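I opened this model to look up its strand pairing and helix packing. My entries follow in the order I made them.

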Amino acid sequence: MDRRNFIKAAGAVAAAATGPGYIPGATAQGGPIRIGLLAPLTGVVASGGKEMVEGFNLYWNQHGHKVAGREIQVTVEDDASNPNTALEKARRLVEQGNVHMLIGDLLANTGLAVAEYVKGNGVPYFIPIIAADDLTQRKRIPNVVRIAGYAASQMPRPLADWLYKKKGIRKVVTVSQDYTFGHEQCGGFVQTFSELGGKVVGQYWHPLNTQDFSPYLAQIQDAKPDIVYAMETGADGTRFIQQWANFGMKGKMPLCGSMNLTDQSIIRNLGAESEGILSAAHFCEGNDAPATQKFVADYEKAYQKLPSLYGFSMYSGAMWLAAAIEAVKGSVEDRPKFLEAVRKVVLTDSPLGRPVRLDDYGEPVYDVFIREVKKRPDGKYWNVPLEVYPNVSQFWHYKPEEYMKQPPYSRSFQGIKG
Amino acid sequence: MTRATRLRIALATLVLLAAVPLAFPGYPTTLATETLIFATLAMSIDILAGFAGRTPLCHGAIFGVSTYVVLYYVTVANGDPWVGAALGVAAATLTAMVFALLAVRTSGVYFLLVTLALGMVVWGVCLRWTSVTGGENGIRGTVRPAWLGDARVLYYFTLAATGAMAAAMWRFVRSPFGLTLAGIRESETRMRALGYDVPLHLFLGFAVSGFFAGMAGVLYAFFNSFVSPSTVGLAQSVEALLMAIVGGIGTLFGGLVGAAIIIALENLVSAYTERWMMALGLLFVFTMIFAPSGVLGRVRQALAGNGKPRT
């Protein structure tokens with residue numbers, strides 16, 4: 001019986017000890033700056049996650065892994081497209097890897113989970129991809145900053161404004177994936193559009209991973225709008241654009257959408273179906289600004305494809321961090337000072353093509369491009385700018401305090417006026 | 001095994017576990033906290049799977065319901081964490097009771113499928129009922145009382161709670177009532193012939209199992225400060241069941257061994273490759289081939305020198 005005691009006890013010890021070895025917190029200045037990069041390398045959004053890593057690495061590979069005399073050490077962890085895994089990996093990076101800062105995650109729920117974790121311990125966390133409105137609005141956390149990222153409802157507003165004022169559009173319908181990211185983007189679009197006097201004649205919400213859009217396309221035809229605003233990501237986006245063309249709606253009815261709909265991650269797999277779709281974003285791969293074209297060429301050379309939202313956001317994010325680290329002369333251990341420096345960065349000469357700065361809520365203020373998908377001479381499709389809206393804040397023309405009194409966008413609250 | 005020996009084993013395990021934060025501060029302590037929480041969940045599954053012979057695939061959902069209720073009550077309704085904890089456990093127990101009503105008359109693969117479907121219902125509700133559950137974004141917020149803020153204190157709190165619950169579960173499965181569950185596992189018809197109300201016993205067993213899963217859910221809310229549909233999803237139910245299986249079905253404390261092995265492996269392997277799921281898969285295959293009664297079950301067999309694990 002005692003032998004049994006022993007084995008059981010030994011088992012418990014062994015189990016407890018199998019956790020990876022503990023590295024004592026050696027954070028002496030002058031050592032490397034450790035950055036934890038969280039990206040979904042497996043799971044439903046794995047392809048986007050890989051491009052995130054590519055974009056982030058491209059910057060450091062180009063500029064040498066050194067800023068202000070300190071080496072930059074990037075540790076990549078897979079968040080598996082799952083918030084619980086993301087949380088676990090963030091804990092490991094912070095508590096075991098002793099990283100100085102975290103950056104990344106793609107899906108809103110993974111970002112929100114990690115944001116809640118760093119709220120408790122003050123580790124700076126940067127989110128170039130996570131677009132959840134409230135992270136820089138009603139529920140902002142001082143050490144969570146959206147460098148080179150965007151709030152979901154920020155980009156569709158100038159598009160709505162442009163369509164109403166310049167294109168004489170008066171009636172819209174929206175079709176969108178039925179989850180928060182879609183609710184927020186459509187909310188931004190229809191609120192701005194309806195406040196100008198436009199009419200929203202239908203809003204269709206479909207589940208993620210819809211195979212067949214024909215019921216929605218039929219309803220859209222019946223509603224007879226002047227334009228359709230589509231908010232689709234991933235495979236849904238590809239299918240929507242293909243079925244839109246197959247239904248013979250391309251050319252008959254104008255189509256506009258969220259920046260994800262015409263992102264390279266989608267249109268690089270499509271052909272002429274995507275031509276002519278309008279969107280608004282802070283980046284245009286077809287923008288002829290020298291910094292943008294240099295980035296696009298470098299990216300194409302390194303990875304044999306045009307950069308997507310994931311690639312350019314993480315690249316610009318890396319650039320932003322480098323500027324801030326430079327500003328504090330490498331002393332990232334002083335978190336308040338470092339975060340202050342991050343907030344003060346005015347990013348020029350980035351792939352975005354226009355200067356960018358942060359507002360008081362940790363959200364960039366962009367010059368937003370109205371874009372159209374066009375064919376390049378080599379036959380590839382890309383987004384080219386039609387017009388620029390300068391200084392677009394996440395609050396549009398509203399006063400921040402007033403704006404944040406309205407509830408967050410949801411399926412039941414879209415902020416439609418009239 | 002005499003009472004004194006059992007007590008000694010329990011004490012030795014507790015002392016060793018209590019030494020974890022001293023020997024391995026930092027991240028390993030966080031992992032150990034997580035291990036204890038999932039050990040409780042795996043043990044609650046073992047009540048049904050190992051003792052009543054009904055393998056459930058819905059315990060992730062029951063566990064997650066409790067986590068959801070705690071987070072909702074404390075962060076959205078601004079309630080007291082302890083009241084939230086009580087409500088969470090109550091909600092989990094209630095969910096288990098509803099599940100039990102629908103599932104106890106089935107057995108074997110049908111029981112597995114019914115509970116799987118019920119668990120998916122909870123997942124669907126959490127995903128779609130956005131106004132309450134926050135949809136796929138979930139609910140976040142620090143719900144644990146301030147004095148539990150430190151990782152080490154939280155660990156000892158979890159250890160105390162897990163220890164108490166493990167003792168309670170042990171007492172439960174060894175009680176006359178627990179023995180009727182084992183009787184049902186061995187022969188349902190004979191138990192019926194002996195005059196036992198089999199569905200009622202299974203119902204009560206299910207409810208008790210749900211109660212403990214709910215307790216684990218509360219601890220998880222304190223630990224994680226976040227809940228989303230993936231916590232109530234099928235993968236969570238499967239993982240917890242696999243912890244019970246790897247540790248040893250019908251051994252109860254195998255849950256602790258299984259949770260420790262799986263969580264440690266997840267963390268060790270994923271540091272080297274993003275294909276860590278494959279390593280887990282292999283582990284399960286080898287467990288099934290070489291130790292179908294689980295690690296703890298195998299050890300007990302080897303020590304007892306006969307083919308049947310003790311229950």
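**Sheet and helix notes**

I began with the open sheet of chain A: six strands lie in the order β2-β3-β1-β4-β5-β6, and their pairing is mixed. The edges are β2 (66–67) and β6 (144–145) of chain A, each with a single partner strand, so one side of each has no neighbour in the sheet. I take strands (E, at least two residues) and helices (H or I, at least four) as DSSP runs, numbered from the N terminus. Two strands count as paired if DSSP finds at least two bridges between them.

I noted the provenance: this is a predicted model, in which local features need pLDDT of at least 70 and side-chain atom pairs count only at pLDDT 80 or more, while totals for chains, interfaces and linings use all residues. Residues are numbered from 1 along each chain as its sequence is written, and chains are lettered from A and ligands numbered from 1 in the order in which they are written.

β5 (residues 125–126) of chain A runs parallel to β6(A), joined by two bridges. Phe126(A) has Val145(A) as its bridge partner there.

I then turned to β13 (residues 364–375) of chain A. β11 (residues 278–281) of chain A pairs with β13(A) in the antiparallel sense over four bridges, and Ala280(A) is bridged to Ile370(A). β12 (residues 357–358) of chain A is also antiparallel to β13(A), with two bridges; Leu358(A) stands opposite Pro364(A). Five residues lie between the strands of this β12(A)–β13(A) hairpin, and Gly362(A) among the hairpin residues has a positive phi near 80°.

With β14 (residues 381–392) of chain A, β13(A) makes nine antiparallel bridges. Val373(A) has Asn383(A) as its partner in β14(A). Here too I found a hairpin with five residues between the strands, where Gly379(A) takes a positive phi near 95°.

Which way do α3(A) and α4(A) cross, left-handed or right-handed? The crossing is right-handed; in this convention the near helix is turned clockwise from the far one by less than a right angle.

Last, I looked at α14 (residues 254–270) of chain B. Its 17 residues should span 24 Å at 1.5 Å a residue, and the end C-alpha atoms are 24 Å apart, which agrees; the expected span is 1.5 Å times one less than the number of residues. In α14(B), 13 of the 17 residues are buried (20 or more other C-beta atoms within 10 Å of their own, placed from the backbone), so the helix is largely enclosed by the rest of the structure.

Terms used:
Buried ≥ 20, exposed ≤ 12 C-beta atoms within 10 Å, placed from the backbone.
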